[in-house]
Amino acid sequence: MTTPRIDELLQQCTVKLSVPENGQVGTGFFIAPGYILTCEHVVRRATTATVGYQNNDDYGTATVEQVFAESDIALLRFEPPEALPCVLLSADGPMVGDQVSTFGYPYRYDDDGMPWKGIPALLTMEGTTGDGYLQLSLGNVLPGMSGGALLNRRTGQVCGMLKFTRDETSLMGGGGVMASTIARCMPEVMAAQRQFHQQDGRWQQLLPEMGQPNQLSINQTVDGDQTIVVGSTSGNTTIIGTQIVSPQSPGLTGIPSNLQERGSRTFVARETQTLEDLHEKLQTSQALAITALQGMGGIGKTEMAVQYAQQYKGQYPSGVCWLSARGAEVGTQLVNFAVSVLGLPQPEGELADQVRYVWNRWPRRDAGERVLLIYDDVADQVNADGEKINAYDTIKVALP
């Protein structure tokens, strides 16, 4: 059996959507088993859509399950009568100049009055718009192609979803929803996708020929600009600020964060540790800054960390990650953050390998941009021999 090319596999993941309730025709793609992703404007005010696949224009009926109107994202539930592939989505943003492939079903008819079958388009990444969408050029995007997957040919992974055309009569291209936005809207579906690709290797076996991103080796000691270091404290909350500059890390747009909607609006910082003082301490080193909020429980350390993260989030454009010492192992929490918030694929292997995978792809590629890690509720611990260990030892095990 001949192995398909990755663009052929993309076509096998793509469907035509006809929506009788609003008269729209669009495109969608299998994002996880039983789920089709498309643009919200394709299924607006509708509850179902007719699915066309390959040469079958009436392959079945999909049900609109979730819509995210602000991001123009819609999730449809559909159980195909056969086992079909799903795209491999990655939040690794495309670089300016990357070639991006798509496949869609334009709302056009041929000379015999028959609807056009699916057609491909090859576009070039220009950058992002002011409202956070991908802007693409040098390709002909036609009405009806909205909802098609955008395949980054450099990485071999889907980096977004086609949203609009800039001019259907020319090669001006169009715009798309970023994969990172999709991942943040539906983490449960992304988890189902990761599970699918762990069992189905059809897409992954084609990645090497597309050129995967280089991987870097990150260690836990200060070593130039490729280092993650975590600190120690005998208190209960540690804020760890690191500046990691990795020229080969992918780009992210926006400020990814797992901060919860909490925090008192009337909070006043304690005289001994104001938020301004905390921020100043976190900016004192070009490579690493560690500040511990020490003291007895219940006097506002967690609240201060929350307030700091919320007020200074803009100073950490690569992301804010909240880790709990009393939750799951910190390495597991970090990997979960990368998957559910950053939209990275679920890494494989031992936990140490998964953590390295995350740091190889995060933070943003822009030199000098920072991330903020907050390690909350740290308590003194002892090892199997009864010897006291601190937070540094604990985290070092999880973040080798």
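How do the residues of the lining of the second largest cavity divide into nonpolar, polar and charged?

## Model and overall make-up

This is a predicted model, in which local features need pLDDT of at least 70, side-chain atom pairs count only at pLDDT 80 or more, and totals for chains, interfaces and linings use all residues. Residues are numbered from 1 along each chain as its sequence is written, and side-chain values use heavy atoms, leaving out hydrogens and water.

The protein chain has nine helices and 18 strands (DSSP runs numbered from the N terminus: H or I of at least four residues, E of at least two). Of its 400 residues, 51% are buried (under 20% relative accessible area, 1.4 Å probe, protein chains only).

## The second largest cavity

Two cavities of 30 Å³ or more are present. A cavity is a set of points on a 1 Å grid over the protein atoms alone where a 1.4 Å probe fits but cannot get out; lining residues have an atom within 4 Å of a point.

The lining divides into two nonpolar, three polar and three charged residues. Tyr counts as nonpolar, Asp and Lys as charged, and Gly as polar.

## The barrel

Six strands form a closed barrel in the order 7-8-9-12-11-10, with antiparallel pairing. Pairing requires at least two DSSP bridges between two strands. The twist averages 45° from one strand to the next, using axes fitted to C-alpha atoms and angles from 0 to 180 degrees between N-to-C directions.

Strand 7 (residues 99-104) and strand 10 (residues 149-152) run antiparallel, joined by two bridges. Ser 101 stands opposite Leu 151 in strand 10.

Notes. On a 1 Å grid over the protein atoms alone, a cavity is a set of points where a 1.4 Å probe fits but cannot get out, and a pocket is an open set with protein on both sides within 12 Å along at least five of seven lines; lining residues have an atom within 4 Å of a point. Grid points are joined across faces, edges and corners, and a volume is the space filled by probe spheres set on the points. Buried means under 20% relative accessible area, exposed over 50%, partly exposed in between (1.4 Å probe, protein chains only).
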